[in-house]
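The following report describes one chain from its computed geometry. Please consult the sequence and the model while reading.

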Amino acid sequence: MSSLLLGGGDEDVAGQESSSSSGAAARLKAAVSAVGSSVSGLAGNASERVARLWRPGDALSEEDEDTNELQRMAGQVSEYFKLTWEQRLTGFGVCVGGAVVCSLVSWLFLFSPVAFAMLYSAGNIFGIVGSLFLLGPVGQAKRMFAKRRWIAATVFLASIVATIFFALRGVHILVFVFMTVQWLALVWYCLSYIPGAQTLCWTTVSACLGL
């Protein structure tokens, strides 16, 4: 009888120990899951903050907006300076008229090197500006600095600057030298628009000079 009672007591103690161990395991499992949830929550918050600090998509969208804004501004400026064909022809006619007047009047000052050089160079500048009205700055630059005429165009523009510079400095010899270079460069530049004209001109000059 006493053994039965003792046996029952042992079973109760064993049951209490097993139930307490299972409860401890459950509490440990709950604590571990809580810690895992906290860690995952912190990781999620950290990743969200990093994403807020640097988002390639947002950066690209801001760059795209800046580019579009610049394009809109450039379009507005281009639209503001856009000319009709009537306005282009008017500007071309005025510039050509100014070029003719300056070139003709310059010969009246043939014995006044400074006035002659300034008027002659101004006539050439008027001619260049007149072509800008018809072709536009970009179109004119492409034609002037094409492969077969960029040397003549560069020499022509440089000689205009040099002529005006030495005219203001009063160096008459160099004024006439660069005016001659200016005229020759202009002729060679104009011949480049006629197929075979430069070759024919060079052959003729070489034959005359015995080169």
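## Helix contact and overall fold

In this predicted model, Val114, Ala117, Met118, Ser121, Asn124, Ile125, Ile128 and Met144 of helix α4 are in contact (heavy atoms within 4.5 Å) with Trp150, Ala153, Phe156, Leu157, Ile160, Thr163, Ile164, Ala167 and Leu168 of helix α5. The residues of this contact comprise 14 nonpolar, three polar and no charged; Ala, Val, Leu, Ile, Met, Phe, Trp, Tyr, Cys and Pro count as nonpolar, Asp, Glu, Lys and Arg as charged, and the others, Gly among them, as polar. The axes of α4 (residues 113-144) and α5 (residues 150-169) come within 10 Å and cross at roughly 145°. These axes are lines fitted to C-alpha atoms over the stretch in contact, with angles running from 0 to 180 degrees between N-to-C directions. The crossing of α4 and α5 is left-handed, meaning that the near helix is turned anticlockwise from the far one by less than a right angle.

Thr163, in helix α5, has 0% relative accessibility and so counts as buried. Buried is under 20% relative accessible area, exposed over 50%, and partly exposed in between (1.4 Å probe, protein chains only). Leaving aside residues up to four places away in sequence, Thr163 touches Ala117, Ser121, Val175, Phe178, Met179 and Gln182.

The two residues with a stated accessibility are tabulated here.

| Residue | Relative accessible area | Class |
|---|---|---|
| Thr163 | 0% | buried |
| Phe165 | 45% | partly exposed |

The aromatic pairs number five, where rings of Phe, Tyr and Trp (its six-membered ring) pair if their centres lie within 6.5 Å; planes under 30 degrees apart are stacked, over 60 edge-to-face and the rest tilted. Phe165 and Phe166 have ring centres 5.1 Å apart and planes at 75°, so the pair is edge-to-face. Trp107, Phe116 and Tyr120 form one aromatic cluster.

The chain has seven helices and zero strands, taken as DSSP runs (H or I, at least four residues, for helices; E, at least two, for strands) numbered from the N terminus. Of its 211 residues, 19% are buried. Among contacts between residues at least 6 apart in sequence, 62% join residues at least 24 apart. The accessible surface is about 15,200 Å², 70% of it belonging to carbon and sulfur atoms, by the Shrake-Rupley method with a 1.4 Å probe.

Residues are numbered from 1 along each chain as its sequence is written, and side-chain values use heavy atoms, with hydrogens and water left out. Local features need pLDDT of at least 70 and side-chain atom pairs count only at pLDDT 80 or more, whereas totals for chains, interfaces and linings use all residues.
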